[in-house]
Amino acid sequence: MKTILKNGLRAGITFGIVFIFLLLIGFINVGSTMIGDILGTNVQDQVPVNNLLITLAILGLFTGITAKSGCGECKWWMALLGGLTAGLVSGILAWLAIWITGTLSVGGAELQTYLPNLDPEDMAFLRFYSTPSAAANTYLIYLSLSSLAGAGLAWLLSFKNWFSRGWDTAKTKVSSWFEDKNVSDVIHNPWATAVILAIVGVALYFLPLTWGSYWNYIMGTVAIYILLGLGLNIIVGYSGQLVLGYVAFFATGAYTFALLTAPTPHGIGLNLWLAVGASVVVSTLTGLLLGLPILNLRGDYLAIVTLGFGEIIRILIKSDLLTDITNGPKGVTNVGQPNWFGEVFNDVNYMHLLMLLVLIGLFIAKRLKDSGTGRAWIAIREDQTVAQATGINTYGSKILALLLGAAFAGLAGALFASRNQFTGPEDFTLMVSINVLCIVIVGGMGSLPGVVIGAFVLKGLPELLRELEDYRLLVFGALLVVMMIVRPEGLWPAASTHFKQPSKKQPSEAAVEVKQ
Amino acid sequence: MTKAVIEARNVTKQFGGLKAVCDVDLVVPENSISSIIGPNGAGKTTLFNCVSGFYVPEEGEILFYDQPLNGLPTHKVSDLGIARTYQNIRLFGEMTAIENILVGEHTRLKMSWVEAILHNPRYIREEKEAVRLAFELLDYIGLSGLGNTPAHNLPYGAQRRLEIARALASQPALLLLDEPTAGMNPQETDEMIAFIKDLRESRDITILLIEHDMRVIMDISDQITVLDYGRKIGEGRPAEIQSNQKVIEAYLGPGADALSERFKRKKNASC
């Protein structure tokens, strides 16, 4: 009884504070607008107040679910009590916030001076175009009821573990289906694999042709970030070296390509495919330059040094010192674009090329992971001292990981510059490094499917959720926090390679079965 | 006389002002089971770390089959044929049992990362052979069927044995075991004793071990070296050690006369 009240109180205070925060930065309005967009109820940018109620209901549901999750397997009335407590507490906080801001704005106070996202129009919307106290009461009632509903819903789903039991049954059914003799024969049949690959290949070929240039642009960005993620995954995911300046290699790749192909400032006009190769080589050399002196550092120290390195590269590109070479802050325009049978690459060609490279990248990363090299990396990640005593040249292995990672980034950089036909120093801020690192972590350290999913979630979704433009970082941060609490191992954690015991009679036929 | 696998001369290792190992000589004969014993903090593990290349001793030298180890990087020491286990188990926890053993084989594998990508015939052959060997070792230590279990999910005794298997995977000439029976019950300890004896016989390997359990020490050692406060205070066969006055003092505490004498000695001692 006491615990459930305490949990309710805690959930209520947390969500109440979250509500106030979201309110003050104007996110409640944005959320309502988005819901209107999704439901199609916005009329000429006019958002109906019902959408505000839906936003509140969603918030309240989460409050209730959180309150209920604190009490495990408890009675229905306990769950509801917890939900109601949480709802009331958050409702009271919301009541206060709305009443205070509402009264102030009705009284003519210039709220916008301090809270730039709350213009009078928004404030009126948040008040349901009525008096502050009436609006505040609505908030209180609404949050309480929806929290109650959330707790009830959570209780129903967890009642006798229906939900989790159903999920488990489904999982067992699916996995037993896979293990079924006939099915597994088909799956492991090389012909079947070939057919599946062919179908996927055809789909990948035709998708860019059909879905239009907007999607090609978004998916192209995702593909570039998959390449970056694959590279950083080798460094961070496999060998466990926290490198925060990964953008440096991306930048060197992009600039090498741009300077070698653009008419200004040098007008070298190198063959584009050679330029791509040059980008990879230069990025790799940059990796060597960075790696040789610093890879003896461990953990935090390495992170700080590489963080600095990333910034140094960007500032060098911008600096007066190198303006003659890099064109300074203006960046390089008219970056070369490849030809395809005499036609300049269009968005579809770029998409095809990127998909091909992503597949090759995945292939290389997978093979490396399953080899002695990959095992050495993971051993270093797990315990560097012991890895060394086991005979692994840790320094050499770490350099190799950094070089391969840098090569991926160089390739991605060249394609990035070529596709945008432009590259400037502001494309290579710290945020890029952090984005890529988040892709690796959110996807699951050392997991290849994780990199792909991570890139879609962190680069693809934000592109689609244009409404969230201003709040992208907020959502990003919240997502990371939630991820780390709910699923610290990542969306698709790395699976260990499954080894089959070789049959003793015919050691020559021993096979390693690899399961990702 | 049999050849010496390890010959340490006047080895001194100090941390700041503390001489953890002081002027110690040690000879480990080929195909023997030698033990180092001593009270806590006597410098046993430090000496081990010097032999396995973790530490570089300030003074003296350590020869492995007449080849000096001083200053060799740790992974080179492993290449030469010295493998070790740890007092507190240090497996690669996230990796499976088989992967742990495969990492142990690393020094014996010649494949490069380019070959790993290309999967050329030589690579495939070598990898297959490595996996076969790993499973053989897994069977040998009695963990058949647990190959794909992550190491940190294995029971304690299995982890100890897996650590030995990882060390054996590099086909070492000398195996260093740091307290192989720590935390084991009498039955597990007996199994471990039999296992270590069998190891020497079936694999033609020299073993140097640190141990606190006197029953183990007296049972399996050919030769025992006793350390106390970083100095060697005794050396010999188990029976000799059991009757060595200094050793008894170090373990049980000296009588009043000896205590005062030892105090005087310590005052004048150089380290």
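The questions and answers below concern a predicted model with chains A and B.

Reader: How many helices and strands has chain A?
Author: The C-alpha trace of chain A spans about 70 × 70 × 50 Å along its principal axes. Of the 516 residues in this chain, 45% are buried. Its secondary structure comes to four strands and 21 helices.

Reader: What share of the contacts in chain A between residues at least 6 apart in sequence join residues at least 24 apart?
Author: The count takes in contacts in chain A between residues at least 6 apart in sequence. Those joining residues at least 24 apart make up 77%.

Reader: Why does A:I235 count as buried?
Author: A:I235 belongs to helix α10 (residues 212–238) of chain A. Beyond its neighbours within four places in sequence, its contacts are A:Q241, A:V243, A:A401, A:L402 and A:G405. A residue is buried if 20 or more other C-beta atoms lie within 10 Å of its own. A:I235 counts as buried because its C-beta neighbours inside 10 Å number 29.

Reader: How far apart are the C-alpha atoms of A:I235 and A:L430?
Author: Along the chain, A:I235 and A:L430 are 195 residues apart. Their C-alpha atoms are separated by 17 Å.

Reader: What span should helix α12 of chain A have, and what is the distance between its end C-alpha atoms?
Author: Helix α12 of chain A covers residues 272–294, which is 23 residues. The expected span is 1.5 Å times one less than the number of residues. That gives 33 Å, and the end C-alpha atoms agree, being apart by 33 Å.

Reader: Which helices are included in what covers the buried residues of α12(A)?
Author: The buried residues of α12(A) include A:A275, A:S279, A:V282, A:T286 and A:L290. Their cover includes, from chain A, α11 (247–261), α13 (299–318) and α18 (394–420).

Reader: Which strands stand at the edges of the open sheet in chain B?
Author: Four strands of chain B form this antiparallel sheet, in the order β2-β1-β4-β5. An edge strand has a single partner, so one side of it is left without a neighbour in the sheet. The strands at the edges are β2 (18–29) and β5 (67–68).

Reader: Which residue of β2(B) is the bridge partner of B:K13?
Author: Strand β1 (residues 4–15) of chain B runs antiparallel to β2(B), and eight bridges join the two. For B:K13, the bridge partner in β2(B) is B:V21.

Reader: How many nonpolar, polar and charged residues has the side of chain B that touches chain A?
Author: The contact takes 28 residues from chain A and 36 residues from chain B. On the chain B side, α2 (74–80), α3 (97–104), α4 (113–118) and α5 (121–140) each supply at least two residues. By class, that side has 14 nonpolar, 13 polar and nine charged residues.

Technical notes. Residues are numbered from 1 along each chain as its sequence is written. Chains are lettered from A and ligands numbered from 1 in the order in which they are written. This is a predicted model: local features need pLDDT of at least 70, side-chain atom pairs count only at pLDDT 80 or more; totals for chains, interfaces and linings use all residues. Two strands pair if DSSP finds at least two bridges between them. Two residues are in contact if their C-beta atoms, placed from the backbone, lie within 7 Å. Ala, Val, Leu, Ile, Met, Phe, Trp, Tyr, Cys and Pro count as nonpolar, Asp, Glu, Lys and Arg as charged, and the others, Gly among them, as polar. A residue is buried if 20 or more other C-beta atoms lie within 10 Å of its own, exposed if 12 or fewer, and partly exposed in between; C-beta atoms are placed from the backbone.
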